[in-house]
Every structure is written in structure tokens, then in C-alpha cells.
Amino acid sequence: MAKINGVTYSKSDILRRVPNLGQLAGVSQGEYCGGKADGLRFFDVKTGSGLAYTVMPGRCLDIASLSYRGVNISFMAKNGIVAPEHGAPMPGNFDNYITGGMMFTCGLLNAGPECTDTDGSFHPAHGRIGITPAEQACGRAFWEGDNYVLECSGLMRESQLFGHHLTLSRTITSKLGENALELCDVLENLEAEDEEFVILYHFNFGFPFLSEKLKVHFPKCEVIPRTDQARAGLSEAAVMTPPVDGFFEHVFFREPEGENEVVTVSLENPELGIGVRLTYENENLPVLVQWKSMRSGDYALGIEPANTFLTGRPNERKNGTLKRIKAGQSLTFRLRLECYDL
């Protein structure tokens with residue numbers, strides 16, 4: 001059933017009123033023209049009740065932008081939309097091709113700063129999966145009983161001759177009349193040997209939703225600063241400020257209590273009358289990372305469910321925090337982003 005303007009409708013009710021569902025909701029496809037985005041495909045999704053977002057099958061089916069009731073929620077870096085061919089994973093290049101967006105995926109062999117592993121292999125900042133195009137990419141809308149489902153799906157492959165072979169099957173779904181998206185990833189190890197892996201979901205919030213009026217509610221747990229600068233701002237980790245010239249990013253880590261639990265982070269802007277709720281299962285995502293960039297011109301807030309403390313593969317391995325996926329094993333990650341009125 002779909003609720004539109006406070007009224008609940010069945011499939012039959014809607015079809016009596018709407019000759020083409022595209023006037024209310026749907027998934028449309030297109031291609032960017034010009035600049036570094038040239039040739040990159042996208043899926044535009046609108047739910048008919050205020051939520052609209054763009055998914056990029058050419059970049060891991062990551063979410064480029066998201067708005068609610070016409071208000072921008074997401075952050076976009078200075079680079080804008082960048083197609084994978086302009087994102088060579090070479091030393092020092094990440095800042096030149098990061099798009100940001102509502103959500104970008106980090107992994108599958110590295111997340112955090114670039115590093116060189118003990119075997120001499122180079123791993124770029126936040127890994128390679130985020131600039132990997134999807135295979136079997138599909139954007140579609142269909143009836144499932146009285147629910148009109150909007151779906152984007154595909155498979156990303158990270159592999160190497162004589163090395164690892166990991167696939168990430170992604171499905172992003174919304175429904176007509178709802179202001180939420182659900183992301184389900186299935187990570188599978190197709191190699192005959194166990195493999196070390198990392199994964200991080202980099203959700204990013206920007207102006208005007210992000211402002212000094214924004215209230216962020218984290219689960220109660222210890223907050224661990226990453227740097228001395230972050231330690232100096234520890235008492236105000238959840239406090240947003242106006243842009244500050246020269247602000248150096250603060251990163252904090254949290255480990256919500258309990259295993260196999262649903263973790264919730266709520267962000268509410270009373271001035272705009274809008275809230276956003278991020279929920280996810282922490283069974284395979286035990287670490288909650290917060291990226292706080294109050295810097296003028298790079299004004300952003302990142303909420304990042306992860307399985308890593310971003311110290312680099314050698315250090316994570318030494319500390320016993322570098323996760324492994326067994327040969328032939330698959331792991332499932334479920335996250336939900338919901339917008340609501342205050």
C-alpha cells in the first residue's frame with residue numbers, strides 16, 4: 001500500500017487515478033554529458049512522496065545525490081561527478097577524483113589512507129571498489145502486491161590474476177509513497193582461499209541540511225578520536241558549527257554495544273523541519289566512523305558504518321582487526337536511510 005499526501009492507496013486505487021506511474025514515481029535512466037562525468041550512466045529514482053536520489057552504476061551503484069521535499073541532504077566534493085576513467089588509483093590521487101555524494105563505498109582491500117602492504121602491494125585511499133563499474137546493472141520499477149517497488153541492482157567485481165576474487169552484489173530499493181531506501185549488499189569470496197577484506201559505507205551530509213542547527217544523535221558508547229586535533233574537539237564531536245576557515249578534519253570511532261544489533265544514527269534539522277535516520281545491522285559492521293569536516297569549502301559530515309579502524313592493512317592485521325572472508329563464503333550487509341518530517 002502506498003501513502004500519498006497522508007492517504008493510503010491500493011494498487012487498484014492508484015491505477016484508477018494515474019495513467020502512467022512515471023508521473024508519480026519511478027526509475028529513469030540517463031547519461032552525463034560533458035566534463036569528467038561524460039559518459040557515466042545514472043539511475044534517477046523518485047518515490048512520489050518527496051524523496052529523490054541518483055544512483056551511479058558506473059561507480060559501484062553508489063548514491064550520487066539525495067534530496068527530500070526539494071531540500072538537498074547530501075554532500076558533493078569540489079570535483080563533482082567523476083567517471084572511473086578519471087579516477088586512477090595511484091599514490092596521492094584520491095583527493096582529485098573523490099565525488100563524495102550521499103554514499104560511496106570503500107574497500108574491498110583497503111579503506112582509509114593509502115598504504116603499502118607487507119608484500120609490497122599498493123592500496124589506494126579507500127580502495128578500488130568505489131570506482132568499479134557494475135556488471136548486470138539494472139534499474140526497474142514493478143508491482144509487488146500493492147507495493148510499487150523501485151529497484152537498482154548490479155554486481156561489482158574486484159579481482160586479480162593469481163590473486164583475490166571478490167564480488168559485491170548490490171540492490172537498492174524504495175517504494176512508492178515511502179521516503180526511505182534500503183541497501184542490501186552480498187559480498188562473496190569466489191577464490192579457493194580465505195581473503196582479508198575491509199568495507200566502509202561513507203554516508204555524507206551537506207548544506208543546507210548540514211548546518212549549525214543540525215542535531216546528531218549517536219548510540220551511547222565510547223568515542224575514540226583518531227588524531228590529536230580530533231581529541232581536542234572530542235567534547236563537541238556531535239556538535240555542528242558554521243564553516244571554519246582552515247579547519248582540519250576530525251575523525252572519531254565508536255563501537256556500539258551488543259552484537260547482531262540494529263544501530264541507529266539520527267540527524268535532525270529543526271530549522272528545516274527534516275530528519276534523517278540511518279539504521280544498519282552491525283553483525284558485519286562493528287565500527288561506526290564519524291568524519292567531521294567543518295572546513296570552509298569542504299563542509300561535510302560523514303557517518304560511516306565499517307569493519308575497520310582505518311589504520312591501513314598492515315596495522316589492522318597486526319591489531320587483529322583485519323577481517324577475513326572464507327573461501328566460498330558470502331556475507332550480507334543491510335542498511336536503511338529514511339527521511340522524515342519533524
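I noted first that helices (H or I, at least four residues) and strands (E, at least two) are DSSP runs, numbered from the N terminus. The model is predicted, so local features need pLDDT of at least 70, side-chain atom pairs count only at pLDDT 80 or more, and totals for chains, interfaces and linings use all residues. Residues are numbered from 1 along each chain as its sequence is written, and side-chain values use heavy atoms, with hydrogens and water left out.

**Entry 1: Gln290**

I found Gln290 in strand β21 (residues 287–295). Is Gln290 buried or exposed? Gln290 counts as buried because its relative accessibility is 0%; buried means under 20% relative accessible area, exposed over 50%, partly exposed in between (1.4 Å probe, protein chains only). I then looked up its contacts (heavy atoms within 4.5 Å). Leaving out residues up to four places away in sequence, Gln290 touches several residues, including Phe218, Ala237, His250 and Ile303. The side chain of Gln290 reaches the backbone oxygen of Ala237 at 2.7 Å.

**Entry 2: Glu158**

I located Glu158 in strand β12 (residues 147–159). Glu158 counts as buried because its relative accessibility is 6%. How far apart in space are Glu158 and Gly107? They are 9.4 Å apart, C-alpha to C-alpha, and 51 residues apart in sequence. Not counting residues up to four places away in sequence, Glu158 touches Gly107, Leu108 and His164, among others. A polar atom of the Glu158 side chain lies 3.2 Å from the backbone nitrogen of Leu108.

Terms used. Polar contact = N/O pair within 3.5 Å; in protein donor to acceptor, adjacent residues only side chain to side chain.
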